[in-house]
Amino acid sequence: MVDVFDIYDKMERNNILLSFKGEITSDLLTSILQIMENKMENMQEEPKMKKKVYNVLVECLQNLYHHLDEVTEAEMEKNRSAIFMIGKLNSKYTIFTGNYILNGNIQGLKNRLDEVNSLTKEELKEYYKKVLNNGEMSLKGGGGLGMIDIARKTGEKLEYNFLEIDNKISFFTLNIKVSTF
Amino acid sequence: MDKYAIEGTPKTPSISFDLSGGVLEIKGRSIPENSIEFYKPLVDSLDKYSSATKPATTVNVQLEYFNTSSSKCILDVFKKLESIHKGGSAVTINWHYEEDDEDMLEAGEDYQAIINVPFKMVMVAE
């Protein structure tokens, strides 16, 4: 039997405002954004924070949305599912995401995240402009701009982890803190 | 009157491009999952306009949010405007940002650094 209270209790302790587990569709994405926008409105969040959280949410959710396909191609069973949570502790928001990733794609992603994490605010700005101007536009999105943008807007390092599930896939988790400095 | 216009939605901005007046306005949110598809008609209109430009072209951009996928398409739009500017129509891009929105101001400055067209940063009171 599923211990629902245990899940509830963990969420409560992390002050989770909203969570979702399942397939990330375009409509769902729209709904989550709307709910969070209303929530922050009701919480009378300052406009600056609202904008940052909204921007970062868009990038995180669209990352999940665009990358679901990759694992689907490997025809794994549980692949289309992802998890998303947003919490608020001590006036800082944290966005948690988790999704499956092909093991073959880990190294590339890890390199990009490490690169972004190694840069200062000023270097991130230059890197963003470079990728924006020279980078290939992919059908799936901004061609690698998302993580740079998140790091720039939050001023925080991107915390991540890869948990190996089997020899084909791993579970990738990302924790992003959002504050107005 | 030759015009390309579309209404805004929760994920896409309103666009109004008056080709006979040389005025382009982009307003609202630009966070679609597929930005290329959304911006293609505008890019096509700019191609059409570039063969019959007005002496001056005014561009007003007033975005509340835009995602990184849109940021590349917006750059493509600005690159078209850059070549229109080089072609002899005096282009001005008015980049609007809300008073406390430093991120939006910075985004405008990023484009300003890349695109060789006069930019004006216009602060909007909330």
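In this predicted model, strand E2 (residues 14-18) of chain B lies alongside strand E3 (residues 23-30) of chain B, and the two are joined by 5 bridges in the antiparallel sense. Strands of a sheet pair through backbone hydrogen bonds, either parallel or antiparallel.

Zooming out, these strands belong to an open sheet of 6 strands in chain B, ordered E1-E2-E3-E4-E5-E6, and the pairing is mixed. At the edges sit strand E1 (3-6) and strand E6 (119-124) of chain B, each of which pairs on one side only. Going from one strand to the next, the twist averages 15 degrees. Helix H3 (residues 102-114) of chain B packs on this sheet, where it touches strand E5 (90-98) and E6 of chain B. The direction of H3(B) makes about 160 degrees with that of E5(B).

As a whole, chain B comes to 3 helices and 6 strands. Read from the N terminus on, its elements go β-β-β-α-β-α-β-α-β. The radius of gyration of chain B is 14 Å, close to the 14 Å that the globule rule gives for 126 residues, so chain B is as compact as a globular protein of that length. The C-alpha trace of chain B spans about 40 × 25 × 25 Å along its principal axes. Of its 126 residues, 37% count as buried. As for how the chain folds back on itself, take the contacts between residues at least 6 apart in sequence: in chain B, 69% of these join residues at least 24 apart.

Now for the partner. Chain A holds 6 helices and 5 strands, and from the N terminus on they are laid out as α-β-α-α-β-β-α-α-α-β-β. Chain A has 181 residues, and 28% of them count as buried. Among its contacts between residues at least 6 apart in sequence, 65% join residues at least 24 apart.

Some of the strand pairing in chain A can be followed step by step. Strand E1 (residues 16-23) of chain A pairs with strand E2 (residues 81-89) of chain A in the antiparallel sense, over 7 bridges. Here A:Ile16 stands opposite A:Gly87 in E2(A). E2(A) is also joined to strand E3 (residues 92-102) of chain A by 8 bridges, and those two strands run antiparallel as well. Across that pairing, A:Ala82 stands opposite A:Asn99 in E3(A). E2(A) and E3(A) form a hairpin with 2 residues between the strands, and in this hairpin A:Asn90 takes a positive phi near 50 degrees.

That leaves the place where the two chains meet. The contact takes 24 residues from chain A and 19 residues from chain B. On the side of chain A that touches chain B, the elements giving two or more residues are helix H2 (26-42), helix H3 (47-72), helix H5 (121-134) and helix H6 (145-154) of chain A. H3(A) gives the most to this side, with 9 residues. Sorted by class, the side of chain A that touches chain B has 9 nonpolar, 9 polar and 6 charged residues.

Conventions. Residues numbered from 1 in each chain as written. Chains lettered and ligands numbered in written order. Predicted model: local features only at pLDDT ≥ 70, side-chain atom pairs only at ≥ 80, totals over all residues. Pairing = 2+ DSSP bridges. Helix = DSSP H or I, 4+ residues; strand = E, 2+ residues; numbered from the N terminus. Axes fitted to C-alpha atoms, helices over the stretch in contact; angles between N-to-C directions. Contact = placed C-beta atoms within 7 Å. Nonpolar A, V, L, I, M, F, W, Y, C, P; charged D, E, K, R; others polar. Buried ≥ 20, exposed ≤ 12 C-beta atoms within 10 Å, placed from the backbone. Rg over C-alpha atoms; globule rule 2.2 N^0.38 Å.
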